[in-house]
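Good morning, and thank you for the time on today's agenda.

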Amino acid sequence: MIPLWEKQNDIPFFDSENPFEPHLVPYILESGKKLPCIIVFPGGGYTHRAQHEAEPVCLWLNSIGISAFALNYRVHPYKHPAPLLDAKRAIRLVRYFSKKWNIDPNRIGVLGFSAGGHLASLVGTHFDGGDKKNNDPVERISCRPDCMVLCYPVISLAEFAHEGSKKALLGENPDPALVWALSSHNMVSSKTPPTFLWHTSDDSSVPVENSLLFSMALKKHGVPFELHIFPHGRHGLGLATDTLYVKEWTKLCEKWFESIGFIRYNV
């Protein structure tokens, strides 16, 4: 376990009545060369973190030559901006220690499921280059991910919203301006990283329109992306190893990683 902040007093919006300390669980590969890295954000509607979308996914990434971390970010009763601050800090921390962990600082991506996909999309659209004057050297590092993988993601907190995630993240009657800004398709720009998305067309929990909205925004801004819509499959499939057709998403994603130069088998 790697804490995102060394001391409780350093954790922004820390609640002593709910003293959860956000942390990374490492799955670092040993290699003679710098490897790419993915930080995994499990889903759970911002109320919990689904374990089948954490360790098994990190182990799959390891199997294709990618070091990985599972992020245990803050969830309910914590609200925005705590999860996003955790996600940003996780990227900064991995990039800061990239030499120590044998990671290529220019190949650090995020992968999220459902609400974790929302969090991944937020850090991919609300990133910054770091605060160069901060006393904490980690905070001086960019938190922009180099790629995103969004699996049946929550994207919109307005139309097509997953109301449970929205309520857990923002509470009752949130500010409409905040709802708009945290509907991540509204925040896509030409600097948003390349993105791989997949969804099932009959997802009854998070409508497929979420992935379609984000894809259209990526297209509008000229950001490379790959989108796969599978005809059938329940929400929360994770690796989907027991679901016909959908289980192919990992192979498709591996090929996409290679196509964007994130994994380099011939180097």
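What follows is a short tour of this chain, from the whole to the parts.

Please keep in mind from the outset that this is a predicted model. The chain holds 7 helices and 8 strands. Along its principal axes, the C-alpha trace spans about 50 × 50 × 35 Å. Is the chain as a whole compact or extended? A compact globule of 267 residues would have a radius of gyration near 18 Å, and the chain has 17 Å, so the two agree.

Two further values describe the fold. Of the 267 residues, 54% are buried. Among the contacts with a separation of 6 or more, 76% are between residues 24 or more positions apart.

Is S121 buried or exposed? Its relative accessibility is 0%, and the cut-off for a buried residue is under 20%, so S121 counts as buried. Which residues surround S121? Leaving aside neighbours within four places in sequence, S121 is in contact with M148, L150, V154, I155, S184 and F214. With S184 there is also a polar contact: the two side chains come to 2.7 Å.

The second residue is also a serine. S205 is located in the loop that runs between β7, residues 195-200, and α6, residues 209-220. At 33% relative accessibility, S205 counts as partly exposed, because that value falls between the cut-offs of 20% and 50%. Beyond its neighbours within four places in sequence, S205 is in contact with H162 and H235. For a sense of distance, S205 and L4 are 201 residues apart along the chain, and their C-alpha atoms are separated by 31 Å.

Setting aside neighbours within four places in sequence, the contacts of R107 include K34, L35, P36 and C37. Also among them are D146, G261, F262, I263 and R264.

From single residues I move to a helix. In general, an α-helix has 3.6 residues a turn, so residues three or four places apart point the same way.

Most residues other than glycine have a negative phi, and most peptide bonds are trans. Where does this chain depart from that pattern?

Consider the peptide bonds to begin with. H76 and P77 are joined by a cis peptide bond, with omega about 15 degrees. H80 and P81 are likewise joined by a cis peptide bond, again with omega about 15 degrees. P77 lies in the loop between β4 and α2, the latter being residues 82-96. P81 lies in the loop between β4 and α2 as well.

Next, consider phi. Y46, although not a glycine, has a positive phi of about 60 degrees. This tyrosine lies in the loop between β3 and α1. Y152, which is not a glycine either, has a positive phi of about 35 degrees. Its place is the loop between β6 (148-151) and α4 (163-170). Are these tyrosines buried or exposed? Y46 is buried, because its relative accessible area is 2%. Y152 is buried too, with a relative accessible area of 2%.

That concludes the tour, and I thank you for your attention.

Methods: Residues are numbered from 1 along each chain as its sequence is written. This is a predicted model: local features need pLDDT of at least 70, side-chain atom pairs count only at pLDDT 80 or more; totals for chains, interfaces and linings use all residues. Side-chain values use heavy atoms; hydrogens and water are left out. Helices (H or I, at least four residues) and strands (E, at least two) are DSSP runs, numbered from the N terminus. The radius of gyration is taken over C-alpha atoms; the globule rule is 2.2 Å times the number of residues to the power 0.38. Buried means under 20% relative accessible area, exposed over 50%, partly exposed in between (1.4 Å probe, protein chains only). Contact means heavy atoms within 4.5 Å. A polar contact is a pair of N or O atoms within 3.5 Å; within protein, one must be able to donate a hydrogen and the other to accept it, and residues adjacent in sequence count only if both atoms are side-chain atoms.
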